[in-house]
Amino acid sequence: MNEPLTIALPTGRLGQQTITFLQKAKIISSLDTNSRKLKIVDQEQNITYLFIKPTDIATYVEKGVADLGIVGKDTLLEQNKQVYELLPLGIGQCIIAIAGFKNTILKPSKETLIVASKYPNITKTYFKSINQPIQTIYLNGSVELAPLMGLSDVIVDIVETGSTLKANNLAVLETVMTVEATLIASKTNYQFKYERIIQLLSKMKEALL
Ligand code: PRP
């Protein structure tokens, strides 16, 4: 019998892509992931799956409640949790961009730019690197509304298909970085369950090819 393992998976837009990837890696065979259950046990593989909001995944892994987790690199950069980053998975690829109305000037001389974002830390780091003073407005979602309503000059947000920006007459003004879903591990559990984790890691690496 395999050693038991607990894996935190994201709900939301990355959810289905993650399940498909784990099926491709032959880690998930048959599992009913369509229910509203937040914890599902795959008896055959001895793996417990937890379904968690992306922003909470690294907390479960950092605390060792989950051994492994799959989460966007954007969230990892923003949160700076104490976890190991084991493997970028090639899914959920998107960019973190500064976006706004097409003609917005990103470096208005000596003026403070107002920036709305779900990513205040990434935002502050980026604008500091280009020496642009900003005021950050933290939002939880529907960030594109902020420039439309005059709450901010620009936003810093993830862009995947670009359809949300387009639908709101906004455009990418600058790309900050590219991000993708990443496999993370609990620092403590990684040592205790090393062989089991390495076994899963190699299956995932094969699925990348
Ligand atoms: C994300 C992001 C953008 C949108 C980008 O929001 O914050 O709003 O997706 O995707 P697109 O380029 O494919 O249009 P999400 O859908 O996660 O919802 P939220 O606004 O509630 O955060």
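Colleague: Before anything else, where do the domain bounds come from?
Modeller: Domain bounds come from an automatic or database domain assignment. The model itself is predicted.

Colleague: Fine. Which residues go to which domain?
Modeller: Domain 1 takes residues 5-92 together with 180-208, and domain 2 takes 94-178.

Colleague: What distance separates the two centres?
Modeller: Taken over C-alpha atoms, the centres of domain 1 and domain 2 are 29 Å apart.

Colleague: And how many residues are in contact across the two domains?
Modeller: Seven residues of domain 1 are in contact with ten of domain 2.

Colleague: What area is buried there?
Modeller: About 760 Å² is buried between domain 1 and domain 2, with carbon and sulfur atoms giving 46% of that. On the domain 1 side, R13, D74 and E78 supply 65% of the area buried against domain 2, which is more than any other three residues.

Colleague: Why quote an area at all?
Modeller: The size of an interface is often given as the accessible area lost when the parts come together.

Colleague: OK. How many salt bridges are counted between the domains?
Modeller: The count between domain 1 and domain 2 is one. The side chains of R13 and E160 meet in a salt bridge, at 2.5 Å from N to O.

Colleague: How many polar contacts across the interface?
Modeller: Five residue pairs are in polar contact between domain 1 and domain 2. Helix α3, residues 73-79, gives the most to the side of domain 1 that touches domain 2, with four residues. By class, that side of domain 1 has one nonpolar, three polar and three charged residues.

Colleague: Changing topic: which residues come nearest to the ligand?
Modeller: There are 13 residues around the ligand, and K118, E144, D157, T161 and T164 come nearest.

Colleague: What are the distances to ligand oxygen atoms for K118 and T164?
Modeller: An N or O atom in the K118 side chain is 2.5 Å from an oxygen atom of the ligand. For the side chain of T164, the corresponding distance is 2.4 Å.

Colleague: And E160, what part of that residue lies by a ligand oxygen?
Modeller: A backbone N or O atom of E160, at 2.8 Å. The E160 side chain is the one in the salt bridge with R13.

Colleague: Last one. Which residue forms a salt bridge with K81?
Modeller: E62, with the closest N and O atoms 4.0 Å apart. That pair links distant parts of the chain, 19 residues apart: K81 is in the loop between α3 and β5, and E62 is in helix α2.

Notes:
Residues numbered from 1 in each chain as written. Predicted model: local features only at pLDDT ≥ 70, side-chain atom pairs only at ≥ 80, totals over all residues. Heavy atoms only, no water. Contact = heavy atoms within 4.5 Å. Buried area = accessible area lost by both parts, 1.4 Å probe. Polar contact = N/O pair within 3.5 Å; in protein donor to acceptor, adjacent residues only side chain to side chain. Helix = DSSP H or I, 4+ residues; strand = E, 2+ residues; numbered from the N terminus. Nonpolar A, V, L, I, M, F, W, Y, C, P; charged D, E, K, R; others polar. Near = heavy atom within 4 Å.
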